[in-house]
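Subject: Structure for your pocket and cavity work

Hello,

Please look it over before you set up anything on it.

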Amino acid sequence: MSKIQASFQRLQAAGRKALIPFITAGDPDPALTVPLMHALVEGGADVIELGVPFSDPMADGPTIQRASERALAKGMSLRKVLGLVREFRQTDTDTPVVLMGYANPIEAMGQGAFIEAAVAAGVDGVLVVDYPPQECVEFSTAAKAAGLDPIFLLAPTSLDERFAEVARAGSGYIYYVSLKGVTGSASIDLDEVAQRIPQIRAAVGLPVGVGFGIRDAESARCIGELADGVVIGSRIIEEIENSAPDQVTVRVRDFIRGIRSALDQIGETAR
Amino acid sequence: MQMADTPYPFPDASGHFGPYGGVFVAETLIPALDELRVAYEAASRDPAFIAEYEYELAHYVGRPSPIYHARRWSDMLGGAQIYLKREDLNHTGAHKVNNCIGQALLARRMGKPRVIAETGAGQHGVASATVAARYGMECVVYMGAEDVKRQAANVYRMKLLGATVVPVESGSRTLKDALNEAMRDWVTNIGNTFYIIGTVAGPHPYPVMVRDFQTVIGKECKVQMAEMAGRQPDYVIACVGGGSNAIGIFHPYLDVPGVKLVGVEAAGDGIDTGRHAAPLTANAKAGVLHGNRTYLMQDEDGQIIETHSISAGLDYPGVGPEHAWLKDSERAEYVAVTDAEALAAFHTLCRTEGIIPALESSHALAQAAKLAPQLGRDKILLVNLSGRGDKDMHTVAERSGIRF
């Protein structure tokens, strides 16, 4: 069983929801990434999505684009991201780490070489935004075989036949994009999410994390009541942007703590 | 529209040209591309749609565009005879409008009242704004902030035509960033919006759809060359940025033996300087960008690098996936000419034939000027003069140290 699966099972047994924060590796500085990852765990993160910066982040809104540009300006690269994960693993062997990014840096390294290096570094899952299941059959098969969970997106616009394709190719969890648009967009249609999550869970048989547009404790709690996990990204990047370097880990930890306690209230009212 | 009369099997059903092409986009765009593919397949088999497209090309664009035998220039070069396919004489001044008419008619058929486009030099933006005005659609054009500054006249032209021009401040603030931003708009407004991509790149079905709308160029050439020269050319030469004018003139010649196809990329300051926009000629590594797998200008970490060309229309780090395939399969040959060589050809054509060519097309002309003297007078070169150079006055004047 993969580390990601084990995490979701433990949470489910405890009646808790997964908190999945996203940060871009190398933003605001490569030296701060590992401390930020530890701060996320301290704040209550269950899985960390670590963004691999790319020059042309087509699916991202302005906030994550800026994070990507800052990281690239500091010389971040896919190989260096793997180095940061290796460093994080020296003191945290438990928290699953998922790399999230675009296809081209992986293509440049070579799919096979990437999978091998990622597993060796201690990466648990990979979400490649512009690798839909039908375009990465070899990659997702090889990743799975190597113990790297290929994680796929589903969207409000996805048709039911798409669920089966994602079920075949994916493992770990499903990342449900809660709105039309790019990361960091404004509003979530809760009714829509409430209707789709059970359908996806039933069809795909994987836990469902929901992201895009979750900005605070209240929206996290609303989504948490419907889904297995909550992904929060742009709002953390804004916290990073607005913090002095010596304050950034504390502020991010405290922000995540707020979300964590909102999510944990769900469990308590249910119990 | 093209597939019925040729055995050429590309792209396959999922949009692949060998290892290139495909649908490399985020899940949020997949349903929109499925909808587009189904709508296009139906339209391209509908005689009423084809008839309306052809009517518009004849009466609005002014097709067929003529072929012109550049006798004075050919004599001066002292070798092969050069014929020019005059896409510069189209309404809006370039081949881009052929495709925009087709996609706007398709948008109308799909019930989408809003069109968006990306543009580099502004030619595709102007063509999109033109057809949007013609069919009464809202039009938003994304343009890199750097290009907005460089191409002020075209920005004003788009505004005159009723379009909204959005300067894009992210990344290198050029064409590729405008494309990223247009994709972001599309994903947000999928219900009412049609994205008019200007070249034979992007996710399937764009490369095949844009190709089909541009093959009118090559189909006309086959008829016109038989009439004018009594035979087909020995070489067909076209510039390649994304590659839509080249695919348009190459495609009907793919199955004609003995016709050599030459794509001319932008060598910028020179291939060996690294400052160019010639991924095919420089044998760049293949990768994934803007929804398709193709040859890409990138660094060793897979980040897309800035390209350089005097011609904004060729200043793009990728190339249409079908060109990648035609290179690998050796059906077409790809070369590159520098800014300086293109400029020299630009001036020569102005002085010798009284035609001001676009800087993009000047790359194809420069290759013809290299090739013609090596060949006998009985040989024929057909060059796609894909656009007129009025838009480039500013750039050329600046290079000559002249300020208006």
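Helices here are DSSP runs of H or I with at least four residues, numbered from the N terminus. The model is predicted.

Second largest pocket. α15(B) is the top contributor to the lining of this pocket, with four residues. The pocket holds about 470 Å³ of space. Its lining comprises 23 residues, and B:R150, B:S309, B:I310, B:A312 and B:D315 are the closest to the centre. Two or more residues come from each of α6 (145-150) and α15 (393-399) of chain B. By class, the lining has 10 charged, eight polar and five nonpolar residues. Domain 1 (24-58 + 96-205) and domain 2 (64-93 + 211-400) of chain B each give at least three residues to it.

Cavities. There are 10 cavities of 30 Å³ or more in the structure. The largest cavity has about 380 Å³ and a lining of 30 residues, with B:H95, B:K96, B:G313, B:L314 and B:E360 nearest its centre. The largest cavity lies between domain 1 and domain 2 of chain B, because both give residues to its lining. That lining divides into 17 polar, eight nonpolar and five charged residues.

The second largest cavity holds about 250 Å³. Of its 28 lining residues, A:F22, A:D60, A:I64, A:M100 and A:T183 are closest to the centre. Elements of chain A that supply at least two lining residues each include β1 (18-24), α3 (62-73) and α11 (234-241). This lining has 14 nonpolar, 10 polar and four charged residues.

Regards

Technical notes. Residues numbered from 1 in each chain as written. Chains lettered and ligands numbered in written order. Predicted model: local features only at pLDDT ≥ 70, side-chain atom pairs only at ≥ 80, totals over all residues. Heavy atoms only, no water. 1 Å grid on protein atoms, 1.4 Å probe; cavity = no way out; pocket = protein on both sides within 12 Å on 5 of 7 lines; lining within 4 Å. Points joined across faces, edges and corners; volume = space filled by probe spheres on them. Nonpolar A, V, L, I, M, F, W, Y, C, P; charged D, E, K, R; others polar. Domains from an automatic or database assignment.
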